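Here is a short briefing to read alongside the model. Keep the 3D view open and follow the strands as you go.

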Amino acid sequence: VSALCERESARAVLPMDEDVVRALAMAPRRPPGGAVVVGPDADQYAALCDKAALAATAAAAGVDHPESAIVSADGSDAALPEPPVIVKPCISHSDMRAFPILAADTVAERDAAVERLRGAGVDALVQERVVGGR
C-alpha cells in the first residue's frame, strides 16, 4: 500500500473492505507512502469493530448492550445466553461466507454454531437476539 501511494502520489487512503480497514488500523500509524489513512486507528478499531469490546464501549457510552458471551480457546468468558441468540465471529471478515452470522433458536443450534467457529480457530460471540427497531 505504501509503495502504491508513493507511486501514485496518493494523499489519502480510504479502505473499503473490512480486512483492509483492520490491517491499516493495526499497522504502525505512519501514513502509507505519506498518505493519510481515512479510517480508525488501532484503539478506535478495537473499541468499535472488535465485537468482544463492544459491551465495554457501550457501557462507557451509557447505552444498553445485548447479553453476550465470548467463546475462545480458553472457554467462555460468561454463561452463554439462552436462545434465541445470534452467533458470530468476534472479528468480521470481508468474506462472511466462511464465517456467517447465524441465528439459533435452540441450545443445540447455538452450540453447533459456536463449535463451527471454534473448530476453525475463530472466537465466537454469542449474543442475545434483540427483536425490534434499530
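Strand E5 (residues 85-89) and strand E6 (residues 102-104) run antiparallel and are joined by three bridges. Strands here are DSSP runs of at least two residues (E), helices are runs of at least four (H or I), and both are numbered from the N terminus; two strands pair if DSSP finds at least two bridges between them. This is a predicted model, in which local features need pLDDT of at least 70 and side-chain atom pairs count only at pLDDT 80 or more, while totals for chains, interfaces and linings use all residues. Residues are numbered from 1 along each chain as its sequence is written, and side-chain values use heavy atoms, with hydrogens and water left out.

- Five of the five residues in E5 are buried, where buried means under 20% relative accessible area, exposed means over 50%, and partly exposed lies in between (1.4 Å probe, protein chains only).
- In a regular strand, side chains alternate between the two faces of the sheet.
- Both faces of E5 are covered, with Val-85, Val-87 and Pro-89 buried on one side and Ile-86 and Lys-88 buried on the other.

**Strand E3 and its partners**
- Strand E3 (residues 68-72) pairs with strand E7 (residues 124-128) over four antiparallel bridges.
- Ser-68 faces Gln-127 of E7 in this arrangement.
- E3 is joined to strand E4 (residues 75-76) by two bridges, and the two run antiparallel.
- A hairpin of two residues links E3 to E4, and Val-71 has Ser-76 in E4 as its bridge partner.

**Arg-118**
- Arg-118 belongs to helix H5 (residues 107-119).
- Why does Arg-118 count as buried? Arg-118 does so because its relative accessibility is 18%.
- Beyond neighbours within four places in sequence, Arg-118 is in contact with Val-71, Ser-72, Ala-73, Asp-123 and Ala-124; contact means heavy atoms within 4.5 Å.

**The whole protein**
- The protein has five helices and seven strands, in the order α-β-α-β-α-α-β-β-β-β-α-β from the N terminus.
- Its C-alpha trace spans about 55 × 35 × 30 Å along the principal axes.
- Of the 134 residues in the protein, 27% are buried.
- Among contacts between residues at least 6 apart in sequence, 56% join residues at least 24 apart.
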